[in-house]
Amino acid sequence: MEGDAELQDLYREVLLDYFRSTTRKGRLEPADVRAHGINPVCGDEIEITARREGGGLAILRYAGHGCVISQASAAMMGEALEGKSEERVRELVKAFKAMMLENAPVSSLPPELEALSALEGVRKFPLRVKCATLAWNTVAQGLSAAAGAER
Amino acid sequence: MTALNAARVREDFPILRRLVRGRPLVYLDNAATTQKPRAVIDALVDFYERHNANVHRGVHTLSEEATNMVEASRRKTAAFIGAARPETVIFTRNATESINLVAHAWGRKFLKAGDEIALTEMEHHSNMVPWQMLARERGVSLRFAPVEPDGTLDMGKFRATLGPKTKLVAFTAVSNALGTVNPVADMIGAAKAVGANVLVDACQWAPHRALDVSSWGADFVAFSAHKMLGPTGIGVLWARAEILDAMDPFLGGGDMISRVTLDGATWNELPYKFEAGTPNIADAVAFGPALDYLSALGLDAVRAHEEALAARAVAMLEAEPAVRVLGPREPARRSGVVSFNIAGLHPHDVGTTFDLEGVAVRVGHHCCQPLMSKLQCGGTARASFYVYNDESDVDALGRALRRTLDFFKIATKAGVR
């Protein structure tokens, strides 16, 4: 709707596009990284599967149902993290969470996370921040578990 | 029955004057907790300003006043629920604690491996998890009466979950998630027919419908003050005196004892046996005016008012093809709770867009994850009405709905936009 500035600030057009996108939806079988995340506020679940190649994440998929914020965040995350080294993935997770949780300025986001600035408006809705961070926490947890299994 | 005058009622609730995100508050989350009338807020302030002291201990004036005020609230509660003996009203923190009290103090003493507890699939987590914990600890089995697709119980299937091993039947009188009003008397009758004890979760009944525990014939009834205009931090467990006498205490400490030596203790009389430690005195006192307020309105008028608003909301929501209303089709089987989903939209997004319109609804699983799984939805948006809501609140709900449909470009009754 034209003119609904309040809603447009939260649900930016790019978020709605990512929300509807099916590019990275699904589940990889087999997968090197596999993690299951739950948002206790709403009970939403997300499953992240990924394949590693040469010390990085080659391909990442997310499955489950969720709100616009959580699904768009997962889709943008997949796009940003694929092809990155695991060390870089950890840095990017940290940088994204700093923006969402510590109010770090959007301008400080690394270039790979430029699209994620669209989630800026979510910070005005503290109860929704967990929706935005769910996929990121889940992938971090999956990487730690995969690293633990190798040791 | 005098019809409820919501316009006059609204004047008694200071919070309804505030703005939310620049718009007047439209509070439709009453199944979660209700707002408080001036009389309840004043009672809290009055208690702390004039009467504050510990109860059942001192012989000084304030202690006597505080004790009398708590006991007056207890008598008021007993009268409100049709309990002949005030000492069968135990004050807890909330209904969750009331149910846990029964699981610990009755369940652990009287249930053994091989016994069965019958529940329904529509229970709130608070009437499910305590039994799951007890079942694991004592080797008790849980059986669940299934919920039909329309959110009701089939009495034949309910009866089929009961048998000679059933020692307790615990169920909600009204579903918090769907508004389903269960056939409480028939269910209690079926439970008694197999010799089981019965616990009724009356959280969504006590605030909205006349309650008479003596005619129900249940053994335990639990509810929370904060869902019926009272303060948070006060819950009620009513139980038959004989069963309370037979039970062990829940928590040990002060107030619940009769005599303590280094070797042990004997228990105080009812209700204090179950009220260890300094209770939530001020909130128990302020629950009294909440009950007075509801009694003055008349529970039949409260119920009729809510049912009319719920019916109006259901009709408004169902006029939109993208909206699916859950719960019973028959208005007589629905309380003032209306749960719905918008096709293609997650309840959380519905909740946030409604909030921008000043409309407070609950979204999510409503502490009923097994029920949501059964109905194959991750959650719902839920509007729940109470005494201060009126038709303008249903209209606001409609405005919020249309704004949401417009923004997310969902086909509406007016055509695809």
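This is a predicted model: local features need pLDDT of at least 70, side-chain atom pairs count only at pLDDT 80 or more; totals for chains, interfaces and linings use all residues.
Where is Pro271(B) found? Select Pro271(B): this residue sits in the loop between strand E12 (264–267) and helix H10 (281–297) of chain B. Helices (H or I, at least four residues) and strands (E, at least two) are DSSP runs, numbered from the N terminus.

Residues are numbered from 1 along each chain as its sequence is written, while chains are lettered from A and ligands numbered from 1 in the order in which they are written.

**Stop 1: a cis bond in chain A**

Select Glu29(A) and Pro30(A). The peptide bond from Glu29(A) to Pro30(A) is cis, with omega near -5°. Pro30(A) lies in the loop between helix H2 (13–20) and strand E1 of chain A.

**Stop 2: the sheet of chain A**

Follow the chain into E1. Three strands of chain A form an open sheet, in the order E1-E2-E3, with antiparallel pairing. Two strands pair if DSSP finds at least two bridges between them. The edges are strand E1 (33–39) and strand E3 (56–63) of chain A, each pairing on one side only. On average, neighbouring strands of this sheet are turned by 20° against each other, direction ignored. Such angles run from 0 to 180 degrees between N-to-C directions; the axes are lines fitted to C-alpha atoms, for helices over the stretch in contact.

Two residues are in contact if their C-beta atoms, placed from the backbone, lie within 7 Å.

Zoom in on strand E2 (residues 44–53) of chain A. E2 and E3(A) pair in the antiparallel sense over seven bridges. Pick Ala50(A): the bridge partner in E3(A) is Leu60(A).

**Stop 3: where the chains meet**

Show both chains. The contact takes 16 residues from chain A and 14 residues from chain B. On the side of chain A that touches chain B, the largest share, three residues, comes from helix H1 (residues 5–10) of chain A. By class, this side of chain A has nine nonpolar, three polar and four charged residues. Ala, Val, Leu, Ile, Met, Phe, Trp, Tyr, Cys and Pro count as nonpolar, Asp, Glu, Lys and Arg as charged, and the others, Gly among them, as polar.

Select Gly378(B). What does Gly378(B) touch, not counting residues up to four places away in sequence? Gly378(B) touches Gly43(A), Asp44(A), His65(A) and Met372(B). Gly378(B) is found in the loop between H13 and E17 of chain B. Is Gly378(B) buried or exposed? Gly378(B) is buried, with 22 other C-beta atoms within 10 Å. A residue is buried if 20 or more other C-beta atoms lie within 10 Å of its own, exposed if 12 or fewer, and partly exposed in between; C-beta atoms are placed from the backbone.

**Stop 4: the two domains of chain B**

Colour chain B by domain: domain 1 (6–30 + 298–407) and domain 2 (41–295). These bounds come from an automatic or database domain assignment. The C-alpha centres of domain 1 and domain 2 of chain B lie 28 Å apart. In chain B, 25 residues of domain 1 are in contact with 22 residues of domain 2. Select helix H11 (299–318), strand E14 (337–342), helix H13 (369–374) and strand E17 (380–384) of chain B: each supplies at least two residues of the side of domain 1 that touches domain 2. The largest share of this side, six residues, comes from H11(B).

**Stop 5: two positive phi values**

Select Arg21(B), in the loop between strand E1 (19–20) and strand E2 (23–24) of chain B. Phi of Arg21(B) is near 50°, a positive value in a residue other than glycine. Arg21(B) counts as exposed, with 11 C-beta neighbours inside 10 Å.

Next, select Asp255(B), in the loop between helix H9 (241–246) and strand E11 (257–261) of chain B. Asp255(B) is not a glycine, yet has a positive phi of about 75°. With 18 C-beta neighbours inside 10 Å, Asp255(B) counts as partly exposed.
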